[in-house]
Each structure stands twice: as C-alpha cells, then as structure tokens.
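Let's take a walk through a protein model together. Keep the sequence and the picture side by side as you read.

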Amino acid sequence: MALYFDSCTDDSHAIVRGIAPTLPYRIEIGCSAGVAPPNVGRARAAAGALALSLSPAVILSTDADSEPAVDWVAANCAALEGADLVAGKIVIASAAAGSLHERLAAYYDRLHRYRRRIDPVAWEDDATHHWTSATSLAVRANAYRSLDGFLPLSRGEDADFADRAWREGYRLRRDARVVVRTSGRRQGRVEGGFAAMLADHDAARVAAPVSHPDDEAWRYHLHARARASFAAGEFRLLAELLGLSRSDVERIAGQARNADAFAACIVGAPPGGMRQISLPHAEIVLTAFDADMLEGAA
C-alpha cells in the first residue's frame with residue numbers, strides 16, 4: 001500500500017509511520033513539506049510513484065475522505081480482467097434526493113448509457129455510469145507507466161489521465177459494481193475542487209448549461225462509425241462526414257494503435273460546435289431519445 005499526505009499540518013503522517021511496522025503488509029509513505037499549497041495532481045503522481053516502487057500489477061486510487069466498499073479491491077480486479085482502467089461509481093455521503101447535484105448525476109448517467117447504446121464497446125459494464133474520478137480509479141500498472149501517470153494539475157488530473165488513456169487506445173470501463181462512498185463536505189482544501197462544486201450546486205437555483213444532447217449524439221454516432229471504418233480500412237465516407245480529406249483521415253488511422261484510439265483522435269465537435277442548453281431542456285431531449293430507441297427496438 002502507498003499513502004501520500006499532501007501539505008498536511010496535523011500528525012497524520014507521524015501516526016501512520018508509527019503504526020506501519022505493525023501492519024501485515026508493506027506500506028510506502030510520502031508527504032509534501034506542508035508549506036506548499038495542496039495540489040491534487042502532484043499528490044496523486046507522488047502516490048503513484050510510491051505504488052510503482054512496490055512492483056504491482058495494478059494500481060488502485062482513492063481519497064482520504066472516502067470509504068471504498070468492502071469488495072472494492074476484488075471488484076476492481078475482476079473488472080480489470082477485460083479492461084485497462086476501471087472507473088468506479090462515486091456515492092456522495094450527504095447527497096439529498098432531488099438536489100441539483102443528484103439531478104445532474106442522474107442526467108449524465110442517462111447520457112452515458114445512451115452513448116453506449118449508440119457506440120457499444122465490449123469492455124463496458126452493462127451497469128455503467130458517468131463518473132471518471134480518481135476517488136475510484138484502477139489501472140493496470142503497465143498502462144500507468146506508459147501514460148506517465150497523473151500530471152501535477154491543480155484539478156482535473158483524473159479526467160486528464162482518462163482522456164490521455166482513451167486517446168492512446170486503452171480500454172476504460174465504468175463499472176457501477178465498483179463503489180466508493182465519499183465525503184459530501186462543502187469546504188475542501190483545493191480551490192475549484194469537488195467540495196467547491198458541491199457548494200456551487202447548493203447555491204445555484206439552476207444548473208449551468210450543458211452540451212446539447214443532439215451534439216453529443218453526433219459525436220457518439222461518429223465514434224461508432226470511426227471504429228467500424230478503422231476495422232474495415234475504409235475511410236471515404238467517414239472523411240466526408242467529418243469534413244476532412246481522406247488522406248488526413250488515413251494518416252491519423254495509421255498513427256492510432258487501435259480503433260478506440262482512432263475514434264478518440266479523429267472525432268471532434270460537430271460542424272456547428274457544441275451548443276449549450278439548459279438542463280431541463282436537455283432532459284426533455286434525452287427523454288425523446290430514449291423513446292425513439294425503445295420504438296426502434298420494438
């Protein structure tokens with residue numbers, strides 16, 4: 001196990017060092033000097049380096065204010081049998097039913113399920129979700145090394161890591177059977193972090209605009225077509241749909257290690273850009289999508 005204490009000013013580091021010799025397993029411990037501002041990306045990168053020193057097959061990441069389910073390790077290892085990374089489902093300890101945060105989470109879960117109906121991949125879990133958080137993130141150690149781990153970003157280091165993994169063709173599985181319960185605190189140590197987002201949701205009467213589901217659906221359909229084009233080695237129609245030359249599409253395909261990496265790199269925003277609409281409007285559009293999918297399956 002590897003533990004890293006980021007700019008802690010209490011006795012946590014000393015306490016853990018004191019009990020480490022009594023534990024039935026090896027533990028690597030690190031800390032920053034305690035004077036620098038907290039930096040979650042720097043801390044995760046340092047913890048990852050400590051973990052690699054133990055020569056693991058996989059690396060599992062969570063947070064000090066979070067409580068993994070009792071089967072968290074086993075569930076992650078089982079999920080990694082068919083994937084390179086596993087993002088677990090995050091449950092907020094104090095989330096109120098019907099709150100803005102819960103409404104947004106439910107919307108993004110629905111949107112991601114819709115994505116996988118349009119663009120299915122073999123390694124995705126049937127019980128999928130929208131979370132991509134290092135509060136519950138497992139990765140094969142060889143993939144972690146290849147991607148150079150987490151970057152020292154003040155926030156968003158987990159989304160950045162997952163995006164780089166996707167663009168390199170690594171398989172990311174979002175598995176709702178992998179669960180971590182995390183603090184619902186509204187005062188965090190990182191500016192603009194998760195606690196600040198929850199506080200913003202509490203204060204807001206309405207959610208910030210979200211991307212139009214039509215534009216997200218355009219991307220999902222093109223991701224699916226890009227995978228098929230890569231498998232067939234035929235790029236003419238895809239080039240037309242993307243407004244690119246066939247030679248440019250073929251060049252990008254030649255640089256991609258697999259179909260997933262190609263889809264990630266070749267598909268950008270739709271021709272008119274990603275429109276922003278209100279959450280209520282987006283929910284209505286997505287409900288219509290669901291109805292159309294059910295009608296088409298009947």
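**Charged pairs and their surroundings**

Arg103 is partly exposed, with 37% relative accessibility; buried means under 20% relative accessible area, exposed over 50%, and partly exposed in between (1.4 Å probe, protein chains only). This is a predicted model, in which local features need pLDDT of at least 70 and side-chain atom pairs count only at pLDDT 80 or more, while totals for chains, interfaces and linings use all residues. Residues are numbered from 1 along each chain as its sequence is written, and side-chain values use heavy atoms, with hydrogens and water left out.

Which residue forms a salt bridge with Arg103? The partner is Glu283, and the closest N and O atoms are 2.7 Å apart. This pair links distant parts of the chain, since Glu283 sits in helix 12 (residues 279–297) and Arg103 in helix 4 (residues 100–118), 180 residues apart. Here a salt bridge is a side-chain nitrogen of Lys or Arg within 4 Å of a carboxyl oxygen of Asp or Glu, and helices (H or I, at least four residues) and strands (E, at least two) are DSSP runs numbered from the N terminus. Glu283 counts as buried, at 17% relative accessibility.

By this rule the model has 24 salt bridges. Another one joins Asp119 and Arg227, at 2.8 Å from N to O. Asp119 is in the loop between helix 4 and strand 6, whereas Arg227 is in helix 8 (residues 213–232), 108 residues away. Asp119 is buried, with a relative accessible area of 1%, and Arg227 is buried too, at 12%. Both belong to a network of salt bridges that also links Arg116, Glu124 and Asp260.

Now look at strand 7 (residues 172–182), where you will find Arg174. Arg174 is buried yet has no salt bridge, and the nearest side chain of opposite charge, Glu124, is 4.5 Å away. In this count, Lys and Arg are positive and Asp and Glu negative, while His and the chain ends are not counted. What Arg174 does have is a polar contact of 2.8 Å with the side chain of Thr132. A polar contact is a pair of N or O atoms within 3.5 Å; within protein, one must be able to donate a hydrogen and the other to accept it, and residues adjacent in sequence count only if both atoms are side-chain atoms.

Arg177 lies in strand 7 as well. Is Arg177 buried or exposed? Arg177 is exposed, because its relative accessible area is 51%.
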